[in-house]
Amino acid sequence: MDIDCIYAKSTCPTIRQWWSKDTVAVVTGANKGIGYALVKRLAELGLTVVLTARDINKGKAAVESLKEVGLHVVFCWLDISDPSSIDSFASWLQQTYGGLDILVNNAAVSFNEIGANSVVHADTVIQTNFYGSKGLIEALLPIFRQSATASRILNISSQLGLLNKLQNQAWKEVLMDEQRLSEEKIEQMVLQFLSQVKNGTWQEGGWPKLWTDYSVSKLALNAYSRLLAERHKSRNLRVNCFCPGFTRTSMTRGQGCHTAEEVADVAAMFLLLPSNELPTGKFFKCSSSKPRSKI
Ligand code: NDP
(Lines give C-alpha, C1' and ligand atoms only; values in the text may rest on other atoms or scores of the structure.)
Protein backbone atom coordinates (compact mmCIF):
# COMPACT_ATOMS: atom_id res chain seq x y z
CA MET A 1 0.00 0.00 0.00
CA ASP A 2 1.42 3.37 -0.98
CA ILE A 3 2.00 5.58 2.01
CA ASP A 4 2.91 8.89 0.55
CA CYS A 5 -0.28 10.85 0.84
CA ILE A 6 -0.33 13.52 3.50
CA TYR A 7 -3.33 15.79 3.88
CA ALA A 8 -3.67 18.88 5.94
CA LYS A 9 -6.91 20.80 6.21
CA SER A 10 -5.38 23.92 4.70
CA THR A 11 -4.33 22.04 1.56
CA CYS A 12 -7.40 19.86 1.07
CA PRO A 13 -9.26 20.51 -2.12
CA THR A 14 -12.76 21.92 -1.97
CA ILE A 15 -15.00 18.99 -2.70
CA ARG A 16 -17.71 19.06 -5.31
CA GLN A 17 -20.82 17.56 -3.77
CA TRP A 18 -21.73 14.28 -5.46
CA TRP A 19 -23.59 12.74 -2.52
CA SER A 20 -27.15 13.28 -1.34
CA LYS A 21 -29.33 12.52 1.66
CA ASP A 22 -29.71 9.02 0.19
CA THR A 23 -25.99 8.34 0.54
CA VAL A 24 -25.63 6.06 3.58
CA ALA A 25 -22.45 6.17 5.68
CA VAL A 26 -21.72 3.89 8.64
CA VAL A 27 -19.11 4.77 11.27
CA THR A 28 -18.04 2.26 13.92
CA GLY A 29 -17.02 3.15 17.47
CA ALA A 30 -18.65 6.54 17.08
CA ASN A 31 -19.86 7.38 20.58
CA LYS A 32 -16.72 9.44 21.20
CA GLY A 33 -13.35 10.49 19.82
CA ILE A 34 -12.57 10.54 16.12
CA GLY A 35 -15.59 8.39 15.21
CA TYR A 36 -18.00 10.82 16.87
CA ALA A 37 -16.35 13.83 15.24
CA LEU A 38 -16.51 12.16 11.85
CA VAL A 39 -20.20 11.32 12.24
CA LYS A 40 -20.84 14.97 13.09
CA ARG A 41 -18.92 16.20 10.06
CA LEU A 42 -20.64 13.78 7.67
CA ALA A 43 -24.05 14.74 9.06
CA GLU A 44 -23.21 18.44 8.59
CA LEU A 45 -22.35 17.64 4.99
CA GLY A 46 -25.81 16.15 4.43
CA LEU A 47 -25.30 12.36 4.24
CA THR A 48 -27.45 9.85 6.07
CA VAL A 49 -25.14 8.76 8.87
CA VAL A 50 -25.44 5.67 11.04
CA LEU A 51 -23.66 6.18 14.35
CA THR A 52 -22.77 2.81 15.83
CA ALA A 53 -21.45 1.99 19.28
CA ARG A 54 -20.97 -1.13 21.39
CA ASP A 55 -22.58 0.49 24.41
CA ILE A 56 -26.22 1.33 23.71
CA ASN A 57 -26.46 4.08 26.34
CA LYS A 58 -23.29 5.80 25.17
CA GLY A 59 -24.41 5.55 21.56
CA LYS A 60 -27.84 7.02 22.28
CA ALA A 61 -26.29 9.81 24.34
CA ALA A 62 -24.02 10.66 21.41
CA VAL A 63 -27.00 10.82 19.05
CA GLU A 64 -28.85 13.06 21.52
CA SER A 65 -25.92 15.44 21.79
CA LEU A 66 -25.87 15.80 18.00
CA LYS A 67 -29.63 16.41 18.01
CA GLU A 68 -29.02 19.32 20.37
CA VAL A 69 -26.92 21.01 17.68
CA GLY A 70 -29.54 20.32 15.00
CA LEU A 71 -28.04 17.17 13.48
CA HIS A 72 -30.09 14.06 12.90
CA VAL A 73 -28.15 10.80 12.84
CA VAL A 74 -29.39 7.25 13.32
CA PHE A 75 -28.11 4.96 16.05
CA CYS A 76 -27.57 1.22 15.83
CA TRP A 77 -25.82 -1.03 18.31
CA LEU A 78 -22.68 -2.68 16.93
CA ASP A 79 -19.94 -4.46 18.83
CA ILE A 80 -17.40 -5.38 16.18
CA SER A 81 -15.84 -8.08 18.35
CA ASP A 82 -19.17 -9.93 18.56
CA PRO A 83 -20.11 -11.84 15.37
CA SER A 84 -23.79 -11.99 16.35
CA SER A 85 -23.84 -8.20 16.75
CA ILE A 86 -22.27 -7.85 13.29
CA ASP A 87 -24.90 -10.18 11.80
CA SER A 88 -27.82 -8.36 13.34
CA PHE A 89 -26.35 -5.00 12.30
CA ALA A 90 -25.95 -6.15 8.68
CA SER A 91 -29.59 -7.38 8.61
CA TRP A 92 -30.85 -4.15 10.15
CA LEU A 93 -28.89 -2.06 7.64
CA GLN A 94 -30.24 -4.03 4.70
CA GLN A 95 -33.82 -3.85 5.95
CA THR A 96 -33.63 -0.17 6.83
CA TYR A 97 -31.68 1.28 3.90
CA GLY A 98 -31.30 -1.58 1.45
CA GLY A 99 -27.50 -1.30 1.73
CA LEU A 100 -24.75 1.23 2.26
CA ASP A 101 -22.35 3.45 0.31
CA ILE A 102 -19.63 4.21 2.85
CA LEU A 103 -18.12 2.27 5.76
CA VAL A 104 -15.64 3.84 8.15
CA ASN A 105 -13.97 1.20 10.30
CA ASN A 106 -12.98 3.45 13.17
CA ALA A 107 -13.59 1.31 16.29
CA ALA A 108 -10.42 0.08 17.95
CA VAL A 109 -8.84 -0.51 21.33
CA SER A 110 -5.42 -0.04 22.85
CA PHE A 111 -4.56 -0.69 26.46
CA ASN A 112 -1.14 0.92 26.49
CA GLU A 113 -0.15 4.14 28.17
CA ILE A 114 1.93 6.49 26.02
CA GLY A 115 5.52 5.23 26.12
CA ALA A 116 4.56 1.83 27.60
CA ASN A 117 4.47 -1.48 25.75
CA SER A 118 2.47 -4.27 27.32
CA VAL A 119 0.97 -7.19 25.40
CA VAL A 120 -1.26 -8.37 28.24
CA HIS A 121 -4.36 -7.56 26.18
CA ALA A 122 -2.94 -8.70 22.83
CA ASP A 123 -5.82 -11.12 22.17
CA THR A 124 -8.49 -8.45 22.65
CA VAL A 125 -6.54 -5.90 20.62
CA ILE A 126 -6.10 -8.26 17.65
CA GLN A 127 -9.67 -9.59 17.89
CA THR A 128 -11.13 -6.09 17.88
CA ASN A 129 -8.86 -4.06 15.62
CA PHE A 130 -8.15 -6.68 12.97
CA TYR A 131 -10.70 -9.51 13.14
CA GLY A 132 -13.55 -7.20 14.20
CA SER A 133 -13.04 -4.78 11.30
CA LYS A 134 -12.49 -7.67 8.89
CA GLY A 135 -15.62 -9.49 10.09
CA LEU A 136 -17.72 -6.38 9.63
CA ILE A 137 -16.36 -5.76 6.13
CA GLU A 138 -17.11 -9.36 5.14
CA ALA A 139 -20.67 -9.09 6.45
CA LEU A 140 -21.32 -5.80 4.64
CA LEU A 141 -19.57 -6.50 1.33
CA PRO A 142 -22.69 -8.07 -0.25
CA ILE A 143 -24.82 -5.01 0.51
CA PHE A 144 -22.51 -2.24 -0.70
CA ARG A 145 -24.33 -0.34 -3.44
CA GLN A 146 -22.72 -0.29 -6.83
CA SER A 147 -22.70 3.17 -8.29
CA ALA A 148 -20.76 5.40 -10.64
CA THR A 149 -19.81 7.58 -7.67
CA ALA A 150 -18.01 4.58 -6.07
CA SER A 151 -18.71 3.01 -2.74
CA ARG A 152 -16.00 3.39 -0.14
CA ILE A 153 -14.35 1.68 2.82
CA LEU A 154 -12.05 3.78 4.98
CA ASN A 155 -10.11 1.83 7.57
CA ILE A 156 -8.84 4.11 10.30
CA SER A 157 -5.38 2.74 10.80
CA SER A 158 -2.07 3.91 12.20
CA GLN A 159 1.39 4.60 10.95
CA LEU A 160 2.54 2.39 13.84
CA GLY A 161 1.43 -0.47 11.60
CA LEU A 162 3.36 0.51 8.51
CA LEU A 163 5.68 -2.02 6.92
CA ASN A 164 8.73 0.05 7.80
CA LYS A 165 8.01 -0.65 11.49
CA LEU A 166 8.31 -4.41 10.92
CA GLN A 167 11.79 -5.84 11.38
CA ASN A 168 10.78 -9.44 10.75
CA GLN A 169 12.17 -9.83 7.24
CA ALA A 170 10.27 -13.03 6.43
CA TRP A 171 6.87 -11.49 7.20
CA LYS A 172 7.85 -8.26 5.49
CA GLU A 173 8.49 -10.18 2.29
CA VAL A 174 5.17 -12.00 2.58
CA LEU A 175 3.27 -8.74 3.07
CA MET A 176 5.08 -7.02 0.21
CA ASP A 177 4.44 -9.82 -2.26
CA GLU A 178 1.20 -8.40 -3.64
CA GLN A 179 0.71 -11.24 -6.13
CA ARG A 180 0.68 -13.94 -3.47
CA LEU A 181 -0.67 -12.10 -0.43
CA SER A 182 -3.79 -13.77 0.94
CA GLU A 183 -6.05 -13.58 3.98
CA GLU A 184 -4.59 -16.88 5.16
CA LYS A 185 -1.07 -15.44 5.17
CA ILE A 186 -2.13 -12.32 7.04
CA GLU A 187 -3.90 -14.48 9.62
CA GLN A 188 -0.86 -16.76 9.91
CA MET A 189 1.24 -13.71 10.77
CA VAL A 190 -1.21 -12.56 13.41
CA LEU A 191 -1.46 -16.07 14.89
CA GLN A 192 2.32 -16.35 15.04
CA PHE A 193 2.47 -13.06 16.94
CA LEU A 194 -0.21 -14.24 19.39
CA SER A 195 1.51 -17.58 19.94
CA GLN A 196 4.80 -15.75 20.64
CA VAL A 197 2.93 -13.59 23.15
CA LYS A 198 1.69 -16.77 24.84
CA ASN A 199 5.10 -18.42 24.99
CA GLY A 200 6.91 -15.21 25.92
CA THR A 201 9.11 -14.88 22.83
CA TRP A 202 7.37 -11.96 21.10
CA GLN A 203 10.16 -9.52 21.91
CA GLU A 204 12.53 -11.42 19.62
CA GLY A 205 9.92 -11.62 16.85
CA GLY A 206 10.94 -8.48 14.94
CA TRP A 207 7.51 -6.91 15.50
CA PRO A 208 6.98 -3.13 15.67
CA LYS A 209 8.57 -1.73 18.81
CA LEU A 210 5.85 0.69 19.94
CA TRP A 211 2.45 -0.50 21.19
CA THR A 212 3.35 -3.83 19.63
CA ASP A 213 -0.01 -5.61 19.85
CA TYR A 214 -1.86 -2.55 18.50
CA SER A 215 0.76 -2.06 15.77
CA VAL A 216 0.46 -5.69 14.65
CA SER A 217 -3.34 -5.30 14.51
CA LYS A 218 -2.98 -2.26 12.23
CA LEU A 219 -0.24 -3.94 10.17
CA ALA A 220 -2.70 -6.75 9.48
CA LEU A 221 -5.53 -4.30 8.76
CA ASN A 222 -3.36 -2.41 6.26
CA ALA A 223 -2.41 -5.63 4.47
CA TYR A 224 -6.03 -6.79 4.38
CA SER A 225 -7.10 -3.39 3.00
CA ARG A 226 -4.60 -3.69 0.17
CA LEU A 227 -5.92 -7.14 -0.66
CA LEU A 228 -9.53 -5.94 -0.65
CA ALA A 229 -8.74 -2.89 -2.75
CA GLU A 230 -7.30 -5.06 -5.47
CA ARG A 231 -10.07 -7.63 -5.27
CA HIS A 232 -12.94 -5.14 -5.54
CA LYS A 233 -11.53 -2.74 -8.12
CA SER A 234 -13.88 -4.01 -10.81
CA ARG A 235 -17.03 -3.34 -8.75
CA ASN A 236 -15.94 0.25 -8.07
CA LEU A 237 -15.44 -0.21 -4.34
CA ARG A 238 -12.50 1.89 -3.10
CA VAL A 239 -10.64 0.70 -0.01
CA ASN A 240 -8.15 2.94 1.73
CA CYS A 241 -6.48 3.42 5.11
CA PHE A 242 -6.24 6.65 7.02
CA CYS A 243 -3.96 7.48 9.94
CA PRO A 244 -5.25 10.35 12.07
CA GLY A 245 -1.83 11.04 13.59
CA PHE A 246 -1.38 11.68 17.31
CA THR A 247 -4.83 12.92 18.32
CA ARG A 248 -6.24 14.01 21.67
CA THR A 249 -8.76 11.27 22.53
CA SER A 250 -9.33 8.64 25.24
CA MET A 251 -6.96 6.32 23.42
CA THR A 252 -4.06 8.73 24.01
CA ARG A 253 -5.34 9.75 27.47
CA GLY A 254 -6.05 13.20 26.04
CA GLN A 255 -2.57 13.76 24.65
CA GLY A 256 -1.89 14.58 21.01
CA CYS A 257 -1.03 17.20 18.43
CA HIS A 258 -4.53 17.91 17.19
CA THR A 259 -8.19 17.45 17.98
CA ALA A 260 -10.63 14.80 16.80
CA GLU A 261 -12.58 17.56 14.98
CA GLU A 262 -9.51 18.59 12.97
CA VAL A 263 -8.93 14.96 12.02
CA ALA A 264 -12.58 14.49 11.09
CA ASP A 265 -12.48 17.47 8.71
CA VAL A 266 -9.56 15.97 6.83
CA ALA A 267 -10.90 12.41 6.91
CA ALA A 268 -14.28 13.56 5.57
CA MET A 269 -12.66 15.47 2.73
CA PHE A 270 -10.65 12.45 1.74
CA LEU A 271 -13.57 10.06 2.15
CA LEU A 272 -15.80 12.22 -0.06
CA LEU A 273 -13.41 12.91 -2.91
CA PRO A 274 -15.13 12.62 -6.29
CA SER A 275 -14.71 9.11 -7.65
CA ASN A 276 -12.35 10.24 -10.42
CA GLU A 277 -9.95 11.63 -7.77
CA LEU A 278 -10.33 8.90 -5.16
CA PRO A 279 -7.67 6.19 -5.39
CA THR A 280 -7.88 2.71 -3.93
CA GLY A 281 -5.36 0.73 -1.90
CA LYS A 282 -3.68 3.82 -0.45
CA PHE A 283 -2.59 4.79 3.03
CA PHE A 284 -3.34 8.41 3.88
CA LYS A 285 -1.88 10.30 6.76
CA CYS A 286 -3.59 13.26 8.30
CA SER A 287 -1.12 15.84 9.46
CA SER A 288 -1.80 19.41 10.35
CA SER A 289 1.88 20.07 10.94
CA LYS A 290 2.95 19.17 7.40
CA PRO A 291 0.82 21.19 5.06
CA ARG A 292 1.33 19.28 1.86
CA SER A 293 -0.56 16.84 -0.24
CA LYS A 294 0.89 14.52 -2.80
CA ILE A 295 -2.42 13.59 -4.31
P1 NDP B 1 -11.21 6.34 21.33
O2 NDP B 1 -10.68 5.41 22.36
O3 NDP B 1 -11.58 7.72 21.73
O4 NDP B 1 -12.46 5.70 20.58
C5 NDP B 1 -12.49 4.37 20.22
C6 NDP B 1 -13.91 3.98 19.93
O7 NDP B 1 -13.95 2.61 19.52
C8 NDP B 1 -14.84 4.12 21.15
O9 NDP B 1 -16.10 4.59 20.74
C10 NDP B 1 -14.95 2.68 21.63
O11 NDP B 1 -16.14 2.41 22.36
C12 NDP B 1 -14.96 1.99 20.29
N13 NDP B 1 -14.78 0.54 20.38
C14 NDP B 1 -13.79 -0.14 20.99
N15 NDP B 1 -14.00 -1.47 20.88
C16 NDP B 1 -15.14 -1.62 20.17
C17 NDP B 1 -15.90 -2.73 19.74
N18 NDP B 1 -15.52 -3.99 20.03
N19 NDP B 1 -17.01 -2.53 19.02
C20 NDP B 1 -17.42 -1.27 18.71
N21 NDP B 1 -16.77 -0.17 19.14
C22 NDP B 1 -15.66 -0.35 19.86
O23 NDP B 1 -10.07 6.35 20.19
P24 NDP B 1 -9.80 7.30 18.95
O25 NDP B 1 -10.97 8.11 18.62
O26 NDP B 1 -8.50 7.94 19.18
O27 NDP B 1 -9.55 6.19 17.84
C28 NDP B 1 -10.29 6.11 16.63
C29 NDP B 1 -9.45 5.38 15.62
O30 NDP B 1 -8.27 6.14 15.31
C31 NDP B 1 -8.95 4.01 16.06
O32 NDP B 1 -9.01 3.11 14.98
C33 NDP B 1 -7.52 4.27 16.45
O34 NDP B 1 -6.73 3.11 16.34
C35 NDP B 1 -7.13 5.30 15.41
N36 NDP B 1 -5.96 6.10 15.75
C37 NDP B 1 -6.00 6.99 16.77
C38 NDP B 1 -4.89 7.76 17.05
C39 NDP B 1 -4.88 8.77 18.14
O40 NDP B 1 -3.81 9.40 18.34
N41 NDP B 1 -5.96 9.01 18.85
C42 NDP B 1 -3.66 7.64 16.27
C43 NDP B 1 -3.73 6.66 15.20
C44 NDP B 1 -4.84 5.92 14.97
P45 NDP B 1 -16.21 2.55 23.98
O46 NDP B 1 -16.41 4.01 24.27
O47 NDP B 1 -17.37 1.70 24.34
O48 NDP B 1 -14.90 2.04 24.53
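Reader: Is Asn-236 buried or exposed?

Author: Asn-236 is buried, with a relative accessible area of 19%. Buried stands for under 20% relative accessible area, exposed for over 50%, and partly exposed for values in between (1.4 Å probe, protein chains only). This is a predicted model, in which local features need pLDDT of at least 70 and side-chain atom pairs count only at pLDDT 80 or more, while totals for chains, interfaces and linings use all residues. Residues are numbered from 1 along each chain as its sequence is written, and side-chain values use heavy atoms, with hydrogens and water left out.

Reader: What phi does Asn-236 have, and where is it found?

Author: Although Asn-236 is not a glycine, its phi is positive, at about 65 degrees. Most residues other than glycine have a negative phi. Asn-236 is found in the loop between α7 and β7 (237-243); helices (H or I, at least four residues) and strands (E, at least two) are DSSP runs numbered from the N terminus.

Reader: And what about the phi of Arg-253?

Author: Arg-253 is not a glycine either, and has a positive phi of about 55 degrees. It is found in the loop between β7 and α8 (260-271). Arg-253 is partly exposed, with a relative accessible area of 39%.

Reader: Turning to α5, which of its residues are buried?

Author: In helix α5, residues 169-176, the buried ones are Trp-171, Lys-172 and Leu-175. They lie on the same side of α5 because they cover an arc of only 105 degrees around the axis, taken from the directions from the helix axis to the C-beta atoms.

Reader: What do the buried residues of α5 pack against?

Author: They pack against α6 (183-199) and α7 (212-231), where contact means heavy atoms within 4.5 Å. The face turned away from the buried side carries the exposed residues Ala-170 and Glu-173.

Reader: Which residue caps the N-terminal end of α5?

Author: Asn-168 does, with a side-chain oxygen 3.2 Å from the backbone nitrogen of Ala-170.

Reader: Now the ligand: how many residues surround it?

Author: The ligand is surrounded by 29 residues, each with a heavy atom within 4 Å of it. The closest are Asn-31, Asn-106, Tyr-214, Thr-247 and Thr-249.

Reader: How far does a polar side-chain atom of Tyr-214 lie from an oxygen atom of the ligand?

Author: The distance is 2.5 Å. A backbone N or O atom of Ile-34 lies 2.9 Å from an oxygen atom of the ligand.

How values were computed: A polar contact is a pair of N or O atoms within 3.5 Å; within protein, one must be able to donate a hydrogen and the other to accept it, and residues adjacent in sequence count only if both atoms are side-chain atoms.
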